[in-house]
Amino acid sequence: MLQVKDVYKSFEGKGQEVLRGVSLHVNKGDVTAILGPSGSGKTTLLRCINFLERADSGTMIFDGQTYDMHRVPKDQIRRIRKKTAFVFQNYNLFLNQTVLNNVTLGLTSGRKVPREEAETRAMQALRRVGMAEKAAAYPGSLSGGQQQRVSIARAIAAEPELIYFDEPTSALDPELIGEVLSVMRELAQDGMTMLVVTHEMEFARHVSSQVVFMEQGVVVESGPSEAFFEAPKTERSRAFIRSILGQHEIR
Amino acid sequence: MSERLIRILSDALPQLLEKFVTMTIPLTVLSFLLALVISVAVAMIQYADVKGLRLLCRGYIWIIRCTPLLVQLYLVFYGLPSLGIVLDAFPTAVLVFGVNEGAYMAETMRGALEAVPAGQMEAGYCAGLSYWSIMGHVVLPQAFRTAFPGLSNSLISMVKGTSLASVITVTEMFRQAVVINGRVYESLALYTEVALIYLVFCSLLTLLQRWGEKKLNVYGGVR
Ligand SMILES: Nc1ncnc2c1ncn2[C@@H]1O[C@H](COP(=O)(O)OP(=O)(O)OP(=O)(O)O)[C@@H](O)[C@H]1O
Ligand SMILES: [Mg+2]
C-alpha cells in the first residue's frame with residue numbers, strides 16, 4: 001500500500017543528514033512499529049512521508065501511484081493526505097474547537113461530507129475511543145490521555161487507508177498510557193493499517209506485525225516483530241532491545 | 001461654580017455630544033475598520049511569508065511607525081494637493097488614521113498569529129484541510145483571541161486620536177469645543193468637559209473589552 005524508497009533529508013545549517021537513504025514497505029493491514037534511539041530520525045521520516053517536511057530526495061509509492069517526494073505538487077499532497085491521518089505526540093487538537101468539531105472539521109471542510117453525516121461519523125469514532133460523552137468539551141479541559149484519544153477519533157473518522165502515529169504515548173503520564181494503547185490495539189485488531197513510531201516495546205512486540213529499527217538516519221533492521229525480538233539479526237538491534245527491555249523491567 | 005459657567009457648559013454639552021456622535025464615532029469606526037482590514041492582510045502576508053509582498057509590508061510598517069501621525073495628516077491634506085491629489089477633510093482623516101493604526105495593529109496581529117502553535121496548522125493539513133480552511137476555522141480565531149487586548153488598545157487610542165483631525169478642519173468634538181471656546185473663553189472648564197466625555201466613553205470601551213475577553217475565553221487555557 002505504501003512504499004518509500006531512498007529518502008534523504010538534511011536540515012539547513014545542520015551538516016549531517018538526518019535521513020540517509022531510508023526505505024520501508026507497508027502492506028494493507030500491517031501494523032508497523034518504527035523503533036530506534038532518540039535522534040535517529042523517526043519523527044523526521046514520518047514528517048517527510050506526510051510532507052510536513054520536504055525530503056531532499058526519495059520516491060513514494062502510495063495506492064499504486066509513484067511520487068517524487070522532493071517535488072510532489074501541493075494538490076497531490078492534499079489528495080494523499082485525505083487518505084491518511086496523523087496522530088501527534090502532543091495531540092495538536094484544534095484548541096478553539098469542541099471535541100466534536102475537532103473530529104468533524106476534516107470531514108465537513110476537508111472532504112465535503114454533509115454536516116449531519118459528519119456528526120454521525122464523528123460520534124461513532126468518539127464512541128470507539130470512549131470519548132463520546134465529552135463531545136461538547138474543549139480540548140483544554142481534557143487530560144492528555146483523553147486528548148490523545150480524541151485525536152485518534154479525529155484520525156479514524158476520516159476513514160483513512162493508513163494512520164501515522166508519532167510516539168502517541170510519550171507525552172502522557174504513565175497511568176494514562178494504557179488507555180491510549182488499548183485504543184490502538186483495538187484499531188490494529190480491526191485491521192487498520194498503522195505506522196507507529198514508539199518506545200512502547202510491549203506494543204511493538206505484541207501488537208505490531210512489522211518492526212523497522214532505525215539508527216542515525218538509516219534502517220538497521222526490519223522484518224516481522226516476532227523475529228526481531230526473538231532473534232535480532234544485528235548487534236545494534238540486540239543492544240537496543242537489551243537496553244530498552246532493561247529500562248522497562250526497572251519501571 | 002458660577003451660574004454663567006454652568007450655563008456655558010450645559011449649552012455646550014449637546015453641541016459637543018452631537019459632534020461626538022456624528023463625527024468622532026463615525027470617524028473612529030470607519031478608521032478602525034480600515035485599520036483592521038489592513039492589519040489582518042499585512043499580518044497574514046507576513047505569516048504566509050509571501051515573497052516580495054512581505055518586504056512591502058515591512059516597509060509600510062517601518063515608514064508609518066517612524067513618522068508622526070500629525071505630519072502624515074498634514075502631508076496628505078496640505079501636501080498632496082500640490083501633486084493634484086485633493087481629498088476632502090473627512091476621507092483624508094479616515095484614510096490617514098486607518099493606514100496609521102493599521103501598521104500598529106498589523107504588528108499586534110502578526111504577533112498573535114505567530115503565537116498560534118505551529119502544530120495547529122500541521123494538524124489541519126494532516127486532517128485534509130486546505131490552507132484557507134485552517135486559517136478560517138483554527139488559526140485566525142485563535143490569533144484574534146490573543147490579539148484582542150492589543151486591538152482594543154488600538155481602538156481606545158483611536159477614539160482619542162481622532163481629535164487630531166481638528167487640525168485638518170474636520171469639526172469633530174474637540175474642534176467643536178475649540179470653536180465654542182472662541183466665543184466664551186472658558187478653556188479650563190470646556191476642555192475639562194471634553195476630556196470627561198472622552199473619559200466616559202473610553203471607560204465604556206474598557207468594560208466592553210473585559211466582557212469580550214470573557215466571551216472569547218470559552219475554550220479555556222492553552223495547554
Ligand atoms: N526542524 C529541524 N531542524 C533542524 N534539525 C532537526 C529538525 N528536526 C529534527 N532535527 C534533527 O534531526 C535529527 C533527528 O530528529 P528526529 O526528531 O527525527 O529524531 P527521532 O528519532 O524522532 O527522536 P526522538 O526519539 O527523540 O523523537 C536530530 O538530530 C534532530 O536534532
Ligand atoms: Mg521523534
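Which side chains meet in a salt bridge? Those of E122(B) and R47(A) do, at 2.7 Å from N to O. A salt bridge here puts a side-chain nitrogen of Lys or Arg within 4 Å of a carboxyl oxygen of Asp or Glu.

This is a predicted model, in which local features need pLDDT of at least 70, side-chain atom pairs count only at pLDDT 80 or more, and totals for chains, interfaces and linings use all residues. Residues are numbered from 1 along each chain as its sequence is written, chains are lettered from A and ligands numbered from 1 in the order written, and side-chain values use heavy atoms, without hydrogens and water.

**Interface**
- Contact (heavy atoms within 4.5 Å) joins 28 residues of chain A to 21 residues of chain B.
- The two chains bury about 2,000 Å² between them, 59% of it on carbon and sulfur atoms. Buried area is the accessible area (1.4 Å probe) lost on being put together, summed over both parts.
- In chain A, F94(A), L95(A) and N96(A) lose the most area to chain B, together 29% of what that side buries.
- The count between chain A and chain B is one salt bridge.

**Aromatic pairs**
- Ring centres within 6.5 Å make a pair; planes under 30 degrees apart are stacked, over 60 edge-to-face, the rest tilted.
- Over all chains there are twelve aromatic pairs.
- F20(B) and F201(B) pair edge-to-face, with centres 5.0 Å apart and planes at 80 degrees.
- F20(B) is buried at 5% relative accessibility, while F201(B) is partly exposed at 23%. Buried means under 20% relative accessible area, exposed over 50%, partly exposed in between (1.4 Å probe, protein chains only).
- Ring pairs link F213(A), F228(A), F229(A) and F240(A) into a cluster.

Methods
Rings of Phe, Tyr and Trp (its six-membered ring) pair if their centres lie within 6.5 Å; planes under 30 degrees apart count as stacked, over 60 as edge-to-face and the rest as tilted.
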